[in-house]
Amino acid sequence: MAAGRGARLKSDGPKALEPICGRPMVEFLLNAARAFGARKTVVVAGHRIGEVRNFLNGSTALVHQKKQLGSGHAVSQARAALSGFDGSVLVLYCDTPLVTAKTLGELVADHGRHGTDCTLLAVESENPLGYGRIQRAADGSVRKIIEENDASAEEKKIREINVGCYVFKAAPLFRALGEVSVNAAKHEYYLTDAVGILAKNGKVRAVVASDREETLGVNTPSDLVRIEAMMEQKILNRHIENGVRIRDPKTTWIDEGVVIGAGTVVLPHVVIEEGSVIGKNCVIGPFARVRGGSRIGDGSVIGNFVEVTRSVIGKKTLVKHLSYVGDAAIGSSVNIGAGTITANYDGRKKHKTVIKDGAEIGSGTVLVAPVTVGRSAKTGAGAVVTKGKNVPDRVVVVGVPARKLKVRS
Ligand code: UD1
Ligand code: CA
C-alpha cells in the first residue's frame, strides 16, 4: 500500500520512496514479504506513480490507484492482480517499514491456527493519538477498529492500536471491501471498516506484537528521524553479528543493502552508502566515506578523509589519507599516496580512471580522467597526469604535466 502522498511528512514525493538509511521505505516491506516467502507481491501506488514504477522496475506487480480514496479502496484496486488467488493475503502499509519477516510469519501462523478471516497486528501504545483503536468485546474478541476522527472521548482512551499489518483470506477480504461505505468525515473507504464487517462473524483476531519497535509508523517528520535511527542500529547489529568490527557504532552510518566481509574493521566517523560491497579484513576510516555502489577488495585500506565513489578497488590496495577516488577502477596491491585526486569531472561528463595492479601513486598526484596508469607504474609526488596521457606499465612519470622519467626494472 503505497499510494499515499505523505503530506504530514511535509514532503512532496511519494511517501513510499521516502528514503530510510539510503533505501526507499517501500523496499523494506518488499524485502520482509520476500524473506517471509510471499508468492506474489503487488504494490498499490498513486501519487507520482511514475517514480514508483521506475524504482520497482518490473520487480513486482504494480497497480494504479488513480484517486486516493482510502486504504480500503487501495486494497480493492489489487483485486484484479490477485484474481484466481484463493490463499492468504498480507496487507502492509509502506509507512510501517520496520515490520520483519519473522513477525509476518507469526501473524500468518496465528491466522492458520485459528482459521480467521483476518488476523491483524496490534500494540499497546502510550500515545495512541492518530492511530485506529482496537475495540474488543468482553471475551477479548475484536469488535471493530475505530479511527481517530470517529472515536468518542471514551474510545480515544483505548490504548491498543492497529499497526497496519494484516493477513486476510482473499475471498472474505474482497467481499467485505465491497460492503464498506464511504467514511463521512474523511470521504474515504477504510480498510479498517472491512475488518469490522468481518468481525461480525467473530473471525477476526488481533495479535499483540512481540517487538513494539517494529510497529512504529512514519507519519510525521520526527517519526522518520526516529525510525531511521532505529533502522541504523539494526543494520549495525547485523554487521556486528556477521563479524565486522565496528569501533564506534554512534558515529558509523551504513546504508541498507551494504555488504561487508568478516574481519573488516570500521573505525569512527564512517559513512558507507548505496549498495557498496566491502571485502574481508579491510580497514575503513576513521573519517571515510564510501559511496555509489563501490566495491572494495579483501585486505584493502580506505583511510582518513578519503572519499570513494562509483569505484572498484582490488585486494590489498592502500588509500590511506586525504584522497578522492571517483569513477575509478583500481587494481590489487596499489598504493595511493596521500592527497591523490582523480579529476573525474570535466564540467559536463564524468570520466574513468584506471590504475593497474602494483602501481604506486605519489602524494598529491592529480589524475585527469580519462586516463590509465599501467601495472607497477609510478607517479612522482605532485605529478599531474593529464587527460589521455596514459602511463605505460612500469614507467615512472613526474612533474606538471607529467613526463616520463624512467622505466622501473
Ligand atoms: C492507518 C489505519 C489506522 C492505523 C494506522 C497505522 C486506516 C483507515 N487506518 O491510518 O487504523 O492505526 O494506519 O499506521 O487504514 N493508502 C493508499 N491509498 C489511499 C490511502 C492510503 O495506498 O487512498 C496507503 C498509504 O500509502 C499508507 C496506508 O495506506 O501506506 C495507510 O494510510 P494512511 O493514510 O497513512 O493511514 P493512517 O491515517 O496512518
Ligand atoms: Ca500512516
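Residues are numbered from 1 along each chain as its sequence is written, while chains are lettered from A and ligands numbered from 1 in the order in which they are written. Because the model is predicted, local features need pLDDT of at least 70 and side-chain atom pairs count only at pLDDT 80 or more, whereas totals for chains, interfaces and linings use all residues; side-chain values use heavy atoms, with hydrogens and water left out.

Helices (H or I, at least four residues) and strands (E, at least two) are taken as DSSP runs and numbered from the N terminus, and two strands are said to pair if DSSP finds at least two bridges between them.

Another open sheet contains seven strands with parallel pairing, in the order E13-E16-E19-E22-E25-E28-E31; strand E13 (259–260) and strand E31 (371–373) are its edge strands, each pairing on one side only. Two bridges link strand E19 (residues 295–296) with strand E22 (residues 312–313) in the parallel sense, and Arg295 has Val312 in E22 as its bridge partner.

Strand E3 (residues 42–45) and strand E4 (residues 61–64) also run parallel, joined by four bridges, and Ala45 stands opposite His64 in E4. Between E3 and E4 the chain passes through helix H2 (residues 49–56), giving a right-handed β-α-β crossover, a term that applies if, with the strands pointing away from the viewer, the path from the first strand over the helix to the second runs clockwise.

Burial was assigned from relative accessible area (buried under 20%, exposed over 50%, partly exposed in between; 1.4 Å probe, protein chains only), and contact was taken as heavy atoms within 4.5 Å. In helix H6 (residues 170–179), the residues Ala170, Pro172, Leu173, Phe174, Ala176 and Leu177 are buried, and the buried residues of H6 pack against helix H3 (71–76), E5, strand E9 (160–169) and helix H7 (191–199). His73 lies in helix H3 and counts as buried at 18% relative accessibility; with residues up to four places away in sequence not counted, His73 touches Gln65, Lys67 and Tyr189. His239, in helix H8 (residues 221–241), counts as buried at 5% relative accessibility, and, leaving aside neighbours within four places in sequence, His239 is in contact with Val244, Ile246, Ile254, Val258 and Ile260.

The calcium ion (ligand 2) is coordinated at 2.2 to 2.5 Å by Asp95 (OD) and Asn219 (OD1). Asp95 lies in the loop between strand E5 (88–92) and helix H4 (101–114) and Asn219 in the loop between strand E10 (204–208) and H8, so the pair ties together parts that are 124 residues apart in sequence. Both Asp95 and Asn219 are buried. Donors are N, O and S atoms within 2.8 Å of the metal (3.2 Å for Na, K and Ca), and the site may look incomplete because water is not among the atoms.
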